[in-house]
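Subject: Structure for you to look at

Hello,

The structure you asked about is below. My notes on the interface and the salt bridges follow it.

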Amino acid sequence: MPTSQKEDPAERLRTARHDIRNQLSNINLLIEQLKYEMQNAPADQRDCLHMITDSIEKIDSILKSTE
Amino acid sequence: MKKILIIDDEVNVALLLSKFLTRNGFDVSTASSGASGLEQLKAGNFNLVLCDYRLEDTDGREMLRQIKSNYPQTGVIIITGYSDIKMAVELIKMGAYDYITKPLYPDEILNTITKAIETHNALVEGQDDGPSASAGINRKQTVSATASGMVIGSSKASKELARQIELVAPTNYSVIILGESGTGKEETAKSIHMHSPRRNQPFVAMDCGSLTKELAASEFFGHEKGSFTGAFATKIGHFEMANGGTLFLDEVGNLSYEIQAALLRTVQERKVKRIGSTKEIDLDVRIIVATNENLQDGIMKGRFREDLYHRFNEFSIHMPPLRERGQDIMLLAEHFLKMSNAELNRNVTSFSPAVVECFMNYRWPGNIRELKNIVRRAALIAESNEITTKALPLEISNYKIPTLDYSTAGDVPEVREQRHDLKNAALEAEYDTILRVLKEVSYNKTKAAEILKIDRKTLYNKMKAINLK
């Protein structure tokens, strides 16, 4: 019996990766916007933004390892 | 200001992207569905469309198809959450400029967009005058600066080239493009394709110089699975791939005699049969070939079939070498500098007078390709915002010597003119250059070919042609 796309775990993982990456894009763009708005903010606040970017890169590399 | 349309059903992404790009100097519009995207495209001339692959009402492939058929001069970048190489290749073949995978990184996006706009730049400039991009005058403007910037320029030689492209593009003629290595033969072929009624069909380029005898047939005609040892899967040949569009054969002079015979049959009958198959497939392919050697010479020596030559030679275009395009050299150099700045995120603004002199005197054996590489390299290593001779590679200073030799015989421009008139000037110049480079590298042909920016086979052929051993 052929499995429908929804039941196929590989397909589910693929869709999940896609959706997570969508949200990561969103966060990346928000960081860019905040960086722009916080140009005069103290350095440690701006560092936080860099740390978030690092975490996004880590999440993406975790996703890549499941491909 | 360059106009960009973002089509993405994730409203937040579209909004944030739009803010980011607006800050970076673009005029941005957004659409949240395929249908509204197409509606917006009708209203304005966009330089570039950023389109998400997964849309609620359609997908990136369909959008690309529609944009390319209705607005061929608008660049398209597809954004997707799937990293699927096969899909990427397919989209690029369909005419997408690039393919960005999510997660999006703003710097990366900006870089890709800048490059895409550089490439499509001139193509859309013409549109600013009005929507009738197919009108003769507009077409001329678009031709005058295609992708690599090969045709831009105000010299007589480049204007003549633009005129010829405009003339032959709308026809179905086969074209031979003759010219030295690096003069932009492939760009010219692309330009012909882009200005022909076939522009929405595939443009397939094939380098015949790198084909082995054994592989050539299956590359051209394809093969069926199991038709010979190693044929694990059915392969579609380049003729079939280009069906409906244009097939560009580079370095056609390097094809073996046997393959030429098979090619002649296909070109004459306009039918192709995959190896191991009995089914004939009808072909509607325009053929453009390019060569850097004198094919007629090849015919005389029995290396190239005369009948095939005449099939190809319904029209021929001579690509002027860069050294004959005097005033264009700096124009092109500045164009490449701008491109390199965008690519490397640098801000190098000018060339020092000494560099300009070097550029004008140098012989550019590798032509535009060489100029582009040298400018890119210089932009990377320049220490200030001006490129000085320090940033130029040694071979340019080495080349100063022959220029001085010529200048002892009189004023340089005058000598140029004389050479221009002489029938064998190009050959002589090649002879001089090849000999000098060979001497410099102690007759190591691989090294010489590298410096001359031609492949080794071409060097051998040239050495043979001018009786160098």
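The area buried between chain A and chain B is about 1900 Å², and carbon and sulfur atoms give 55% of it. Please bear in mind that this is a predicted model.

The interface

In the contact between the chains, 20 residues of chain A meet 17 residues of chain B. Six residue pairs across the interface are in polar contact, both residues being at pLDDT 80 or more. On the side of chain A that touches chain B, two elements give two or more residues each: α1 (9-37) and α2 (43-65) of chain A. The largest share, 16 residues, comes from α1(A). By type, the residues on this side of chain A are five nonpolar, eight polar and seven charged.

The count of salt bridges between chain A and chain B is one. A:Asp19 and B:Arg54 form it through their side chains, at 3.2 Å from N to O.

Chain B

Chain B has 469 residues, of which 51% count as buried. Its secondary structure comes to 22 helices and 16 strands. Among its contacts with a separation of 6 or more, 70% are between residues 24 or more positions apart. The accessible surface of chain B is about 22100 Å², and 50% of that belongs to carbon and sulfur atoms.

Salt bridges within the chains

Over all chains, the structure holds 22 salt bridges. Three of them are described here.

In chain A, the side chains of A:Glu67 and A:Arg17 meet at 3.9 Å, N to O, in a salt bridge. This pair links distant parts of the chain, 50 residues apart: A:Glu67 is in the segment after α2 and A:Arg17 is in helix α1. A:Arg17 counts as buried because its relative accessibility is 12%.

In chain B, B:Glu180 and B:Arg323 form a salt bridge at 2.7 Å, N to O. The two are 143 residues apart, with B:Glu180 in the loop between β6 (175-178) and α8 (185-194) and B:Arg323 in the loop between β14 (315-318) and α14 (328-344). B:Glu180 is buried at 13% relative accessibility, and B:Arg323 is buried at 11%.

B:Glu187 and B:Lys190 also form a salt bridge, with their closest N and O atoms 3.8 Å apart. Both lie in helix α8 of chain B, three residues apart, or about one turn of the helix. B:Glu187 counts as buried at 16% relative accessibility, whereas B:Lys190 is partly exposed at 32%.

Salt bridges with shared partners also join A:Arg17, A:Arg21, A:Asp60, A:Lys64 and A:Glu67 into one network.

Regards

Definitions and conventions
Residues numbered from 1 in each chain as written. Chains lettered and ligands numbered in written order. Heavy atoms only, no water. Contact = heavy atoms within 4.5 Å. Buried area = accessible area lost by both parts, 1.4 Å probe. Salt bridge = Lys/Arg side-chain N within 4 Å of Asp/Glu carboxyl O. Polar contact = N/O pair within 3.5 Å; in protein donor to acceptor, adjacent residues only side chain to side chain. Helix = DSSP H or I, 4+ residues; strand = E, 2+ residues; numbered from the N terminus. Nonpolar A, V, L, I, M, F, W, Y, C, P; charged D, E, K, R; others polar. Buried < 20%, exposed > 50% of the residue type's maximum accessible area, 1.4 Å probe, protein only. Areas by Shrake-Rupley, 256 points an atom, 1.4 Å probe, with all protein chains shown as cover.
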